[in-house]
Amino acid sequence: MLNIFKIFLLFFLLANITVSAGLSTRHTIKGHITDASSGEVLPGATVQIESVNKGTTTNNYGFYSINLKEGAYKLKISYIGYNTEYFDIELNSNESIDFELEPIHTDLAEVVITDERADRHITDVRMSTSKLSIEKVRSIPAFMGETDILKTLHLLPGVSWGAEGTTGFFVRGGGQDQNMILLDEAPIYNASHLMGFFSVFNPDVIRDFQLYKGGIPAQYGGRLSSVLDIRMNDGNNREFKGTGGIGTISSRLTLEGPLKKDTGSFIVSGRRTYADLFLPLSSDPNLQNNQLFFYDLNAKANYRFNKNNRLFVSGYFGKDVFRFDDIFGFKWGNTSSTLRWNHIFNSKLFSNFTFVYSNYDYNLHAEEGMLSVDWASHIEDITLKGDFTWYPNPENTVKFGLHSTSHSLNPGHIIGIDGEEPIAEYKMPNNYALHHSLYASNKHKLSENITVEYGLRYSLFQNIGEATIYSYDKNYNVTDTSKYASGEIFDHHHGLEPRIAMVYQLDEKQSVKANYNRTRQYLHQATNTTAATPLDVWFPSSPNVKPQIADQWAIGYFRNFYNNTFESSLELYYKNMKNQIDFRENASLLLNPYLESELRTGKAWAYGAEFMINKTKGDFTGWISYTWSKTMRKIPAINNGEPYPAAYDRPHDISLVLSYDVNQRINASASWTYNTGRPITMPAGKFEYKGLTLPTYSKRNSERLPDYHRLDLSLTIKTTRQITRNWEGKWNISVYNAYYRKNVFSYYFDKNEDNPGKTQAYKIFLFGIIPAVSYNFSF
């Protein structure tokens, strides 16, 4: 442990070298940059001093700090979508200056593609990262007219998906459970509604989101493949505002305004589907007693006590309900809350202290006559975090922190009821664990052309009682049982996770970037499908389950054209993954106390190339991306020990997104996607045993579904009629699968109608052409 602290100390020594390089008097300018119309902070805004070629950017809370020699300077404050401002200052002492930027008003604001400085594509050390504003997401055609963050990710290079219509995603050969999804820093374990067809994120309350596919910053950990960091709006602290929409399957309303002008604000948003409200009106009695709906509630408030202290509190609550008559039904949902305290210790040290609560629960109910069964399960996390950013000088930005999480996983609790009396009960033992991490990183500008960000994360995972642990022989038979008392630490896993990224700027239009990161994952998901279901089981690393480990290398070439109107990139990556988990054939995953005996572990590897051209300016915007990739697994106990493609391996993936402002009122957009069909395991023959006909199967994932492609269209029309003076309305008309491509969802096998002795494969299609209409408004 002492050696680990010595390594972290090295970061601070490296960052401090430049501070003592000269004896000139230096002072620090710090403050916040905000939107002049709403008072909301602008993360990623740029402060530049062109005369000395120095600069910095604001953090997620709009805070900036830059240390300069004493003298006179002209500050350039900029942010894409806002008017650039210049300020003259005479720096002879430490200064605290807040800046406001006026937004550039356009009639159709949804043409914004990025909210960062125009050349950051070239200059930023970060690669393997995608960031989109929610305005851009709204302009992309959506399934049933429902704007969806997660489905937008499917159109980005390096991101693939499982089953058609679902929100789950796979990043650079990683599994679905290997993505960390954060909403205001709270982990979301199941981000889908309606069996995966919609995500839990209401677009009206989301400010922006960032996906890290590689070069993951040291402050993030716990998942192997990616981090999706989603941030909610803070709320307008200048005036009361509202937005909403009425769509084909759901409606939503968002209200925001000041708690105290220029000091605090709130935002609250709700969304609900309403198809179930019309089911009782159906003439079919089988439908009248059914239920199928979801709802979301988001809320956030913040208050600035003084220039050095600000408090944020945010929360999310969502639920899905499905009931088939009085026979069967289930519910699932997420609850999260985040309490954050921003404190500025001095002009160079910014801190953020956070408490996070996250809970995912799912319930199943079935009954027949007087007999019924209720099943309940949940995952609960409680996290404490302390994160710090130190700005010693313009060449270094140091981040460090400590995180600690308590995990409680309840795999299942079943109660059988006869009438109103319980007649049977079975409870799977809970799993408890603690996860601690310590990290430090430094973004170091070595020269005018070279910037390096190096970091190190140390993680420790502890299993704690009460617990019962089974020992297995080589045939996965139980050989021994160990019991541990409540609170007893009985096993642990730990390790270092180095991170490094660099950029070499060839000139103002092009650069070369590279990164490497190691990640560790201690929580795992038991699933046999490529689409997440509410009943997927999470379980921790233990004496029988090693943590998953991944090493990823990437290199890329980046170039801008025509005054930064076009951005292009080519990235190559290779990822090596250890202790990968799969399951034996016909594995029993639900309510199995011996779940660990169903696991089979081995290795996996993924590699690929990602190409993208993005047009960011003008009436005509959009991007085209192409990904070539390969993801393979090799697990000794599966497929006779031979390598096989992962279930989400799709070698070719093409996405085209176009948006065109016809005039000041009308925007037309389209998206087209093509990818290789996903791998499947098909029956290769059959045999008879004791009167039963049983199939034999080919090698695992040796066959594929037909290739997939689809065109979606959207038209947004701004209305001229105003209900009130500040009212603005927009109609959106969208068409999903515009040329009626019959994409195969899966196969099922049955007897041939003409030859009952022969088995035939039948294709299953999910969606034809789906039109949708929605009306969105703001006031």
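Predicted model: local features only at pLDDT ≥ 70, side-chain atom pairs only at ≥ 80, totals over all residues.
**Entry 1: the patch**

I found a nonpolar surface patch of about 920 Å². Its residues are Y504, L506, I555, Y557, L570, L572, F611, I613, I624, Y626 and W628. Next I asked which elements give two or more residues to the patch. They are β32 (489-507), β36 (548-561), β37 (566-583), β38 (599-615) and β39 (620-634). I noted that β39 gives the most, with 3 residues.

**Entry 2: I613**

**Entry 3: a cis peptide bond**

I checked the bond between G465 and E466. It is a cis peptide bond, with omega about 15°. I placed E466 in the loop between β29 (450-464) and β30 (467-472).

**Entry 4: Y562**

I turned to the loop between β36 and β37, where Y562 lies. Y562 is not a glycine, yet its phi is positive, near 50°. Its relative accessible area is 66%, so I wrote down Y562 as exposed.

**Entry 5: N639**

I then went to the loop between β39 and β40 (644-645), which holds N639. N639 is not a glycine either, and its phi is positive at about 60°. Why does N639 count as buried? Its relative accessibility is 15%, and buried means under 20%.

Notes: Residues numbered from 1 in each chain as written. Heavy atoms only, no water. Patch = residues over 30% accessible without salt bridge, like charges linked within 9 Å, V, L, I, M, F, W, Y side chains within 5 Å. Areas by Shrake-Rupley, 256 points an atom, 1.4 Å probe, with all protein chains shown as cover. Salt bridge = Lys/Arg side-chain N within 4 Å of Asp/Glu carboxyl O. Helix = DSSP H or I, 4+ residues; strand = E, 2+ residues; numbered from the N terminus. Buried < 20%, exposed > 50% of the residue type's maximum accessible area, 1.4 Å probe, protein only.
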